[in-house]
Amino acid sequence: MSNLMPALADINIPPHVKVQTTDSFESLMSEIGRRSMMGYAGEVFFGTAFLQGSRLQFTTAMPIQRMIEVSKTDRSRKKDTLLEVAEHSNRPQEPAHAKHLRNYLISTACTGDKFILPAFTFNYGVGLDESAPDATLILFASADDGTNAWPGILLLPQGAKLDTTDGAHRRSQIAEILTSGKMGDDGKDALKRNAVDVKIVFESSRSDSHQDFADCGKAKSIPKSLVTTFDVRDRRNQRSRELVKNTPFLAAYVDATASNVNLSSKSRMIWSMSAVRMFVAHVVDHHPDTNLSEEEKTEGAEDFFSALVRHLPQLKALDRARKEKTSEVTTGSLRDLKGGDVALRGVGMAVFARAFLYSKDEEIDYEVMAAKLATIDWHLLSCERSDLPLGPTYSSELMKNAQPIWAHLLVIGENRYRVSSSSTDADGAWNKIIERLFGENRQAA
């Protein structure tokens, strides 16, 4: 065994981390055997040591139970001051986030289902005093190999605890499940049959450890439409995905990557997956028979959208453009006509959800409903947006030209407006449509 190699000479290694190297695999294994024979009471982890950001780090995998045993969480509390927060490794627990993680683990890992957790990031070096035990990292490397990653073994002595940098919520919920009196032994055993991947950063500066936590949170969150597309464990997501796949028009015109319900005005696509999920969610939440499944409540949605495409002029034109591939008609050119086409926005999908549910409740044929919806002027205004005069009369002129059905959707600013997609505003629009099409003034289903 030899000590520090040249590649680590300029790396700041915490006092309680000892690094040894060997260029012989036999020597590496014999060292482990020697410690085992001498009654080494700590933990041994095989993995890879590497340099990143001018620091030595180690990555490995641990059985879930062992991960809990060798790690700890040091949280600040709600309403702590800056100085108090700075003395702890982790943020206060967020109950909603913790509950979401707990439910995820209970419904997957504890039932033997497929699941995945991001890697945990731990620290060894922050907050250790003179009495803290030394961790030993043995690297399989020659002194002049010129590499920056090495197979290695981490010897974590008895009593040593890895401090949680990133993954405190995951760790706390795993620990709570394993100690919960409400969780049966079968569920706990199923959870313990899994392992997790772990990164250990050897860092003695608490400030730098805090920066590590902040850096771990810099990953861009997944757009909601992609979550709807990928997370088919959620039944509403799964039904939304099936609806799009089973309807050629939706398959061609639904953006599965968009971050928002509404798309940009020039987008070739019409709706986002988030908007489709909004359709499914409304039908599921407002269906009169609560005992039915998501699939049963939304049965016929494919036929409903096919009928809409056959009757609504804007959808019919876009369907023809899709099939012919030579038409000059585009989604962008139709979306902005006369202040904007409501049918080609997120709120249009919300109105369609109410129309679909009304058709089912009142036993109205989808073709009949689609033909009636085609008689509605889906444009926000009776003029083009560019025709509105800018200045003090803008608001009054806007409302003067607003279509009565959609006027309440307008959120007016200085010389501009946007369209609300709230559930309440969609309800208001649908009630006006019912009154116009069916001569009734009823609440939407």
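## Surface patch

Patches are built from residues with over 30% relative accessible area and no salt bridge, joining like charges within 9 Å and nonpolar side chains (Val, Leu, Ile, Met, Phe, Trp, Tyr) within 5 Å. Accessible areas come from the Shrake-Rupley method with a 1.4 Å probe, and for residues only the protein chains shown count as cover. This is a predicted model, in which local features need pLDDT of at least 70, side-chain atom pairs count only at pLDDT 80 or more, and totals for chains, interfaces and linings use all residues. Residues are numbered from 1 along each chain as its sequence is written, and side-chain values use heavy atoms, with hydrogens and water left out.

Phe25, Met29 and Phe46 form a nonpolar surface patch. Together they have about 300 Å² of accessible area. Phe46 sits in strand β2 (residues 43–52). Helices (H or I, at least four residues) and strands (E, at least two) are DSSP runs, numbered from the N terminus. Phe46 is partly exposed, because its relative accessibility is 49%. On this scale buried means under 20% relative accessible area, exposed means over 50%, and partly exposed lies in between (1.4 Å probe, protein chains only).

## Pockets

Rolling a probe the size of a water molecule over the atoms shows where empty space is left. The search uses a 1 Å grid over the protein atoms alone. A pocket is an open set of points with protein on both sides within 12 Å along at least five of seven lines; a cavity is a set where a 1.4 Å probe fits but cannot get out. Lining residues have an atom within 4 Å of a point. Grid points are joined across faces, edges and corners, and a volume is the space filled by probe spheres set on the points.

The largest pocket has a volume of about 1,200 Å³. Its lining has 31 residues, with His97, His100, Leu101, Ile116 and Pro118 closest to the centre. Helix α4 (95–107) gives the most to this lining, with six residues. Other elements that each supply at least two residues are β8 (162–166), α5 (168–179), α7 (206–216) and α8 (224–230). By class, the lining of the largest pocket holds 13 nonpolar, 10 polar and eight charged residues. Ala, Val, Leu, Ile, Met, Phe, Trp, Tyr, Cys and Pro count as nonpolar, Asp, Glu, Lys and Arg as charged, and the others, Gly among them, as polar.

The second largest pocket has a volume of about 160 Å³. Of its 13 lining residues, Ser265, Asp336, Arg345, Arg385 and Val419 lie nearest the centre. Strand β13 (residues 416–419) gives the most to this lining, with three residues. The lining of the second largest pocket divides into four nonpolar, four polar and five charged residues.

## Cavity

The largest cavity holds about 30 Å³ of space. Asn262, Leu263, Ile270, Arg335, Leu344, Arg345 and Gly346 line it. Three of these lining residues are nonpolar, two polar and two charged. Arg345 lines the largest cavity and is also among the residues nearest the centre of the second largest pocket.

## Salt bridges

Side chains of opposite charge can pair when their charged atoms come close. The structure holds 16 salt bridges (a side-chain nitrogen of Lys or Arg within 4 Å of a carboxyl oxygen of Asp or Glu). Arg66 and Glu43 meet in one, at 3.4 Å from N to O. Arg66 lies in helix α2 (residues 64–70) and Glu43 in strand β2, so the pair ties together parts 23 residues apart in sequence. Arg66 is partly exposed at 29% relative accessible area, and Glu43 is partly exposed at 23%.

Arg102 forms a salt bridge with Glu176, with the closest N and O atoms 3.6 Å apart. Arg102 lies in helix α4 and Glu176 in helix α5, so this pair ties together parts 74 residues apart in sequence. Both are partly exposed: Arg102 at 22%, Glu176 at 36%. Glu302 and Arg239 meet at 3.0 Å, N to O. This pair links helix α13 (residues 301–311), which holds Glu302, to helix α9 (residues 235–246), which holds Arg239, 63 residues apart. Glu302 is buried at 16%, and Arg239 is buried at 5%. Arg55, Glu203 and Asp212 are linked in a salt-bridge network.

## A buried strand residue

Met62 lies in strand β3 (residues 55–63). Met62 counts as buried because its relative accessible area is 0%.
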